[in-house]
Structures are given as C-alpha cells and as structure tokens.
Amino acid sequence: PTATPTPTATPSPSPSPTLSGPVAPPAREADHSCPDDVPAAGFLDTPTSVHRAAVDCAVWWGVAKGVTATAFQPDRGLDRAQAASFLARTILASGGSLPADPPNAFDDDDGSVHERAIDQLAAAGVLRGTGERTFAPTAPVTRAQLASYVVRAWAHRTGRTLPPGLDWFDDDDGSVHETAIGQAARAGFLTGTAPRVFTPSATATRGQVASALTRVLDLLVEAGWSPTPSA
C-alpha cells in the first residue's frame with residue numbers, strides 16, 4: 001500500500017515589526033505638474049521603472065535629460081554636478097530666477113558642463129561645497145543630500161520655508177540633513193525606503209531625483225507659483 005504522506009505544518013506568520021514612532025506620509029501625487037497628456041520621452045529603459053511617468057514629466061518640463069536619446073538609466077546614481085543642473089532647470093522652468101553672473105565658487109568644477117549651474121546655485125544658497133573651494137562634482141548625491149537640495153530649492157524659488165516634519169525615520173538621527181529630510185517627507189517630495197527607514201547614505205538615482213523634482217513642481221503649480229509648460 002502507498003504510504004500516506006505526512007502533512008506539512010503551516011508555519012505561523014511572522015509578527016509585524018513594532019514601529020517605534022509615526023510613519024512618514026506617502027509621496028505627493030504629481031497630477032498638477034504632470035497631466036495625463038504628458039508625452040512619452042521615448043526612452044527604451046524606463047517603461048518598467050516605477051519612475052517612468054516622472055521621467056517623462058521631468059523631460060517635458062525640460063528639467064531632466066537622457067544619458068542618450070534612447071536611454072535615461074533611471075537606476076543609475078546621480079552625481080553632485082548633474083544634480084546641480086537638474087535643480088537649476090527646475091527653478092528656471094517653474095518661473096524662478098538664478099544669478100545671471102555668479103562668481104566662480106569652486107576650483108574643482110572648472111570646465112564642467114555643469115559649472116554655471118553649480119555657481120548659480122551656490123550663489124543662491126541652494127548648494128554648498130565640500131570645502132572652502134571644493135565642490136566634489138563627481139561625488140554621488142546621497143538621499144540625505146537630495147533632501148537638503150530640494151528643501152533649499154523650494155525656499156529659494158518661493159521665499160518660504162517648508163514646515164518641519166516629525167521624527168519619521170530612525171536611521172537619520174544625528175544627520176546634518178535630518179531636519180531637511182523631515183521637511184521633504186512632510187511635503188511629499190521624498191519617501192522612506194521602508195517604514196521608519198530613509199536610508200540617508202544611499203546614492204540617489206536618476207529616477208528618484210526625477211520623481212522628487214516633479215513633486216516639487218507639483219506643489220509649485222498647486223500653490224500658484226508656477227504654470228505648467230502647456231499653460
């Protein structure tokens with residue numbers, strides 16, 4: 001006779017981790033800055049990305065550009081110089097202004113295609129160097145730095161300070177960017193990577209930056225600071 005198989009016990013579900021505080025709000029919807037008729041940017045590597053719509057929208061605004069005509073590389077890290085150009089374009093595309101003839105702020109970005117944007121944002125107080133005359137243009141932008149960038153860009157563009165957030169994350173305690181992380185999270189510009197986790201030292205990707213900036217633009221449009229490009 002065939003032996004009756006021994007039933008396999010069903011494992012008990014693992015208990016959900018107990019969170020030590022409030023959970024950050026969700027990402028801001030970009031329906032004001034990115035209407036349904038935003039054209040596809042034509043990149044072959046974004047259709048499966050969670051940032052696809054934001055990439056298309058950022059290109060439509062003139063804020064972001066592809067690495068090539070057909071590749072955006074949404075999972076590739078962004079460096080500090082590239083971030084400067086993304087931020088400068090966001091301010092200008094939304095109707096803001098930057099110094100037309102900024103002083104040469106740093107010695108290590110001479111000849112960079114991003115030098116003008118770096119100098120403009122340094123003069124405006126949006127970006128800061130890593131030393132008295134150094135910017136480290138090829139260093140990667142961390143998620144914590146991105147929070148400070150978007151918060152300062154908002155303040156420069158509007159003349160207003162974003163309200164503070166709560167202590168939504170456990171892994172940014174003591175960071176010089178902690179206040180900005182809370183402000184960016186409250187505004188919906190940035191979200192955590194898990195409940196109570198922000199991963200501040202991780203490199204910000206091109207897709208994440210596109211999403212963050214379209215959310216900044218969304219709040220600018222909603223608050224009446226900027227029309228959309230088609231308006």
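Predicted model: local features only at pLDDT ≥ 70, side-chain atom pairs only at ≥ 80, totals over all residues.

Biologist: What box do the C-alpha atoms of the protein fill, and what share of the residues is buried?
Modeller: Taken along the principal axes, the box is roughly 90 × 40 × 35 Å. The protein has 231 residues, and the buried share of them is 45%.

Biologist: Is α2 roughly parallel or roughly perpendicular to α6?
Modeller: Helix α2 covers residues 80–93 and helix α6 covers residues 206–222, and their axes are 11 Å apart. The two pack at an angle of about 20°. Angles under 35 degrees count as roughly parallel. That makes α2, relative to α6, roughly parallel.

Biologist: Which residues of α6 meet α2, and how many residues of each class are in the contact?
Modeller: On the α2 side we find Phe86, Leu87 and Thr90, and they meet Arg206, Val209, Leu213 and Leu217 in α6. The crossing of these two helices, α2 and α6, is right-handed. By class, the contact of α2 with α6 has five nonpolar, one polar and one charged residues.

Biologist: Is α4 roughly parallel or roughly perpendicular to α5?
Modeller: α4 and α5 have axes 8 Å apart and pack at an angle of about 65°. Angles of 65 to 115 degrees count as roughly perpendicular. So α4, relative to α5, is roughly perpendicular.

Biologist: Is the crossing of α4 and α5 left-handed or right-handed, and which residues make the contact?
Modeller: α4 passes α5 in a left-handed crossing. By class, the contact of α4 with α5 has seven nonpolar, two polar and no charged residues. From α4 come Ala144, Ala147, Ser148, Val150 and Val151, and from α5 come Ala180, Ile181, Gln183 and Ala184.

Biologist: Which helix do the buried residues of α3 pack against?
Modeller: Helix α3 spans residues 115–124, and its buried residues are Glu115, Ala117, Ile118, Asp119, Gln120 and Leu121. After α3 comes glycine 125, with a positive phi near 80°. The helix that the buried residues of α3 pack against is α2.

Biologist: What kind of aromatic pair do phenylalanine 106 and phenylalanine 135 form?
Modeller: The structure holds five aromatic pairs, so let us take this one. Phenylalanine 106 lies in the loop between α2 and α3, phenylalanine 135 in the loop between α3 and α4, and they are 29 residues apart. Phenylalanine 106 and phenylalanine 135 are both buried. With 5.2 Å centre to centre and 40° between the planes, the pair is tilted.

Biologist: Which parts of the chain does the pair of phenylalanine 169 and phenylalanine 198 tie together?
Modeller: This pair is tilted too, at 5.1 Å centre to centre and 55° between the planes. Both phenylalanine 169 and phenylalanine 198 are buried. Because phenylalanine 169 lies in one loop and phenylalanine 198 in another, the pair ties together the loop between α4 and α5 and the loop between α5 and α6.

Biologist: Is aspartate 218 buried or exposed, and which residues does it touch?
Modeller: Aspartate 218 is found in helix α6. Its relative accessibility is 0%, so aspartate 218 counts as buried. Leaving out residues up to four places away in sequence, aspartate 218 touches Arg28, Glu29, Ala30, Asp31, His32 and Ser33.

Biologist: What is the phi of alanine 136, and where does this residue lie?
Modeller: Most residues other than glycine have a negative phi. Alanine 136 is partly exposed, with a relative accessible area of 23%. Its phi is positive, near 55°, and alanine 136 lies in the loop between α3 and α4.

Biologist: Is arginine 196 buried or exposed?
Modeller: Arginine 196 lies in the loop between α5 and α6. Its phi is positive, about 70°, although arginine 196 is not a glycine. Since its relative accessible area is 5%, arginine 196 is buried.

Notes
Residues numbered from 1 in each chain as written. Heavy atoms only, no water. Axes fitted to C-alpha atoms, helices over the stretch in contact; angles between N-to-C directions. Helix = DSSP H or I, 4+ residues; strand = E, 2+ residues; numbered from the N terminus. Parallel < 35°, antiparallel > 145°, perpendicular 65-115°, else oblique. Left-handed = near helix turned anticlockwise from the far one by under 90°. Contact = heavy atoms within 4.5 Å. Nonpolar A, V, L, I, M, F, W, Y, C, P; charged D, E, K, R; others polar. Buried < 20%, exposed > 50% of the residue type's maximum accessible area, 1.4 Å probe, protein only. Phe/Tyr/Trp six-rings, centres within 6.5 Å; stacked < 30°, edge-to-face > 60°.
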